[in-house]
Amino acid sequence: MIGLFDRLARPLLYVLAPEDAHNLAIRSLKFVPLPPAARDDRRLAVRAFGLNFPNPIGMAAGFDKNAEVPDALLRLGFGFVEVGTITPKPQPGNPRPRLFRLNDDQGVINRLGFNSQGADPALRRLAARAQSGGIVGINIGANKDSPDRLADYAGLIARFAAVASYVTVNISSPNTPGLRNLQQAAVLDDLLARVIEARDQVTPSAGPTPLLLKIAPDLSLPDLDDVVSIARQRRVDGMIVGNTTVTRPKSLKDAGTAREAGGLSGRPLRPLADRMLAETYVRVEGVFPLVGAGGIDSGAAALGKMRAGATLVQVYSGLVFRGLGLVAEIKTALLGALERDGQTALSEYVGADAAAVTAEPWPE
Ligand SMILES: Cc1cc2nc3c(=O)[nH]c(=O)nc-3n(C[C@H](O)[C@H](O)[C@H](O)COP(=O)(O)O)c2cc1C
């Protein structure tokens, strides 16, 4: 079924402008009936943040921004789905064009700028599916014109805690001016205090809601020291490393498109994303688990991400170039690795190469 969908849809998706292709993909997932996913091999199961993941491969934030198709995505074999980024109020995002494919590099640049239907429709949709099972997290952000960004995050976590498996505080999108300043130590400490207080207030009625922090791969290492130390002090449940990069690696072939403003993702992001993940892993010292995102486009890349420090992984851009078959390919590769190495659980791999990765020359 997935193979058929890929064969029919991908050539069409390729000739469309990237954003039209994306909208068509969401519409198709809304209306094409999909059978439930086959049960995953038990060796792929992962426990993290108090949740039981059937497999460690997640759909990254930004694909299903308005929580329209989380169950279709679960049926495609993802172990979890992160919807959002949701902002409190609806906002259009930046003018089009704002999404670009770098075909020769298998990369994507986006400057969408949190186009969002706002909290109400997403809340309605998630409430309607709340009893359906499956791990669906929500990624939250602030409105561009918000007079009080911290209040935006605190308000959203209070509203969504009851209908989301976890909440991700996204302070790393490069496309909302000033948003990434929330990663600065004093502000971050304030922000985390506010969102954790808001979360704790609703816990008696909403139940436990793990809180994850999603960071940029562009932080300096001293800034990363601060971010990890505050995240540990404030007892977040995990971190996602990370978002898109505003840097442009020297290796990029599509120099014209590379000049577009926005965040770069996909294969050219992987060396930097893996490095920042490993740097984070050695600082976190096992206190909470990490989700690795950035440039996963094969089973080997997913295993590399785990070895650099990820307990769970997320993919987005790789799906644009490799199709939905990528999810099954990663599962097969992970099971193959377990068999080859005589291991019984993926936890054996997590962070195995972190120290080695941090000793390499900085990726350019
Ligand atoms: C088109 C597009 C939109 C995205 N939107 C969001 C978003 O709304 N919130 C967010 O936290 N990350 C967003 N991301 C970042 C991804 O979640 C992910 O962190 C990043 O793309 C690296 O993974 P990848 O290389 O597999 O794409 C977006 C990425 C892309 C390509």
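A residue is classed as buried when its relative accessible area is under 20%, as exposed when it is over 50%, and as partly exposed in between, with a 1.4 Å probe and protein chains only. By this criterion E364, with a relative accessible area of 65%, is exposed. The structure is a predicted model, in which local features need pLDDT of at least 70 and side-chain atom pairs count only at pLDDT 80 or more, whereas totals for chains, interfaces and linings use all residues. Residues are numbered from 1 along each chain as its sequence is written, and side-chain values use heavy atoms, with hydrogens and water left out. Helices (H or I, at least four residues) and strands (E, at least two) are DSSP runs numbered from the N terminus.

E364 is situated in the segment after α13 (354-358). Contact is taken as heavy atoms within 4.5 Å. With residues up to four places away in sequence not counted, E364 touches P249 and K250. A polar contact is a pair of N or O atoms within 3.5 Å; within protein, one atom must be able to donate a hydrogen and the other to accept it, and residues adjacent in sequence count only if both atoms are side-chain atoms. Such a contact, at 2.8 Å, links the side chains of E364 and K250. E364 and D148 lie 216 residues apart along the chain, and their C-alpha atoms are separated by 36 Å.

The ligand is surrounded by 24 residues, of which the closest are A61, K65, T85, G295 and S317; a residue is near a molecule or strand if one of its heavy atoms lies within 4 Å of it. On its own the ligand has 610 Å² of accessible area, of which the protein covers 97%; accessible areas come from the Shrake-Rupley method with a 1.4 Å probe, and for residues only the protein chains shown count as cover. Two or more residues of the shell are given by each of the elements β4, β6 (107-110) and β11 (263-266). Divided by class, the shell has eight nonpolar, 14 polar and two charged residues. In this division Ala, Val, Leu, Ile, Met, Phe, Trp, Tyr, Cys and Pro count as nonpolar, Asp, Glu, Lys and Arg as charged, and the others, Gly among them, as polar.

N115 is placed in the loop between β6 and α4 (119-128) and counts as buried because its relative accessibility is 17%.

Several backbone features were then examined. Most residues other than glycine have a negative phi, and most peptide bonds are trans. A cis peptide bond, with omega about 10°, joins G84 and T85, and T85 belongs to strand β4 (residues 80-86). Another cis peptide bond, with omega about -5°, joins R96 and P97; P97 is in the loop between β4 and β5 (99-102). F49, although not a glycine, has a positive phi of about 50°. F49 occupies the loop between β1 (46-48) and β2 (51-53) and, at 14% relative accessibility, counts as buried. A67 is likewise not a glycine and has a positive phi of about 60°. This residue lies in the loop between β3 and α3 (70-75) and is buried, with a relative accessible area of 2%.

Attention then turns to the helices. The expected span of a helix is 1.5 Å times one less than its number of residues. Helix α12 (residues 325-341) has 17 residues and should therefore span 24 Å, in agreement with the 24 Å between its end C-alpha atoms. Its buried residues are L326, V327, I330, K331, L334, L335, A337 and L338, and their cover includes β3 (57-59), α10 (299-308), β13 (312-315) and α11 (317-322). Just after α12, G342 takes a positive phi of about 65°.

In α4, the buried residues are A119, P121, A122, L123 and L126; β4, β7 (136-140) and α5 (149-160) are among the elements that cover them. L191, in helix α6 (residues 185-206), counts as buried at 0% relative accessibility. Apart from residues up to four places away in sequence, L191 touches L150, Y153, V169, I171 and L182.
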